[in-house]
Amino acid sequence: MPSRFSRLDDVEALRRFVRDLREGVYVTDSNGRIMDGNPAFLAMLGIASLEEARQMKRTDFIVDEERRDAELLGLERDGAVHDFELEIRRRDGEARTVIDTAYRCLDPETGEVFYQGILIDITDRKRLEERLLDQSLRDPLTGCWNRRYLTEFAGRHADASGSWGCIMVDIDHFKQYNDEFGHEAGDAVLNRVARFFMRTTRAEETTVRMGGDEFLILLNGADAQATENTSQRLTAMAGRELLVPFSAGWASRENGESLEKTIARADHRLLHARGLTRSGARAKFAIVP
């Protein structure tokens with residue numbers, strides 16, 4: 001005869017199984033009030049007892065209520081959701097990322113709706129994914145974003161009504177400097193320029209190393225006047241602080257165009273500015289290794 005713990009229809013065996021699970025098992029009513037939960041679920045919320053959990057409102061532990069509402073719509077429509085990603089807030093205020101698999105249940109005697117679900121904490125995995133993504137989008141020499149970042153930026157700001165500006169920057173006579181003083185000195189100049197832009201730009205302004213001695217400043221939400229003003233501000237500050245000559249060209253988004261087209265117009269203006277610079281006397285770097 002099989003052991004009671006080898007059968008899922010044994011109440012005591014099932015109770016022990018739920019109690020010992022490392023995943024959070026829970027039951028809530030239709031208003032999101034917690035009715036029951038195993039120890040792992042309580043630990044995810046950072047609370048010690050089920051009584052405390054039953055006193056909590058949905059807003060006490062759900063970070064994005066619209067996201068939770070979307071999950072509830074799925075439950076009402078399909079009767080179940082699988083691997084639905086949510087953010088929950090622990091009692092100490094720490095946000096954790098979980099995936100929720102839940103079912104809509106109906107008490108046949110009372111007609112009461114309630115939800116049974118299981119939460120898996122994926123916070124550490126999400127943080128690792130974010131670190132790996134960040135590394136893949138970073139230039140290893142300067143720490144600036146690299147060209148791959150442009151695809152992400154364009155995807156996040158694809159709305160035709162959105163605005164942006166961009167400033168293309170090219171270090172003047174960098175090849176001659178690199179040839180004269182060596183690649184190590186050239187790398188030092190690139191890092192100096194990168195640090196200057198990252199220090200002097202605002203939160204909504206992003207520095208991208210496009211390759212070689214070219215940098216791009218992305219200005220989210222900027223119009224033509226704001227972009228021109230920023231270009232002039234950075235150029236003026238560079239003359240006083242950077243000690244590395246560069247040429248710049250700017251453009252702002254027009255008629256819902258793609259980021260690629262805006263960058264191309266900024267690059268065209270840069271080519272004109274660079275031609276003027278290189279037709280004159282050779283610029284001197286004020287920093288010499």
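Which side chain does Arg 209 meet in a salt bridge? Its partner is Asp 139, at 3.4 Å from N to O. The views below come from a predicted model, in which local features need pLDDT of at least 70 and side-chain atom pairs count only at pLDDT 80 or more, while totals for chains, interfaces and linings use all residues. Residues are numbered from 1 along each chain as its sequence is written, and side-chain values use heavy atoms, with hydrogens and water left out.

**View 1. The salt bridge between Arg 209 and Asp 139.** A salt bridge is a side-chain nitrogen of Lys or Arg within 4 Å of a carboxyl oxygen of Asp or Glu; the count by this rule is 26. Arg 209 belongs to strand E7 (residues 205-211) and Asp 139 to the loop between helix H6 (123-136) and H7, so that the pair links distant parts of the chain, 70 residues apart. Helices (H or I, at least four residues) and strands (E, at least two) are DSSP runs, numbered from the N terminus. Arg 209 counts as buried at 14% relative accessibility, and Asp 139 counts as buried at 11%. Buried means under 20% relative accessible area, exposed over 50%, and partly exposed in between (1.4 Å probe, protein chains only).

**View 2. The two sides of helix H7 (148-156).** Tyr 149, Leu 150 and Phe 153 are buried. They lie on the same side of H7 because they cover an arc of only 100° around the axis, the arc being that of the directions from the helix axis to the C-beta atoms. Arg 148, Thr 151 and Gly 155 are exposed on the other side. Within H7, Glu 152 and Arg 156 are 4 residues apart, about one turn of the helix, and their side chains form a salt bridge of 3.7 Å, N to O. Glu 152 is partly exposed at 30%, as is Arg 156 at 47%.

**View 3. The salt bridge between Arg 265 and Glu 257.** The side chains meet at 2.6 Å, N to O. Arg 265 counts as partly exposed at 30% relative accessibility, whereas Glu 257 is buried at 14%.

**View 4. A network of salt bridges.** Arg 90, Asp 92, Glu 94, Arg 96, Asp 121 and Arg 127 are linked in this network.
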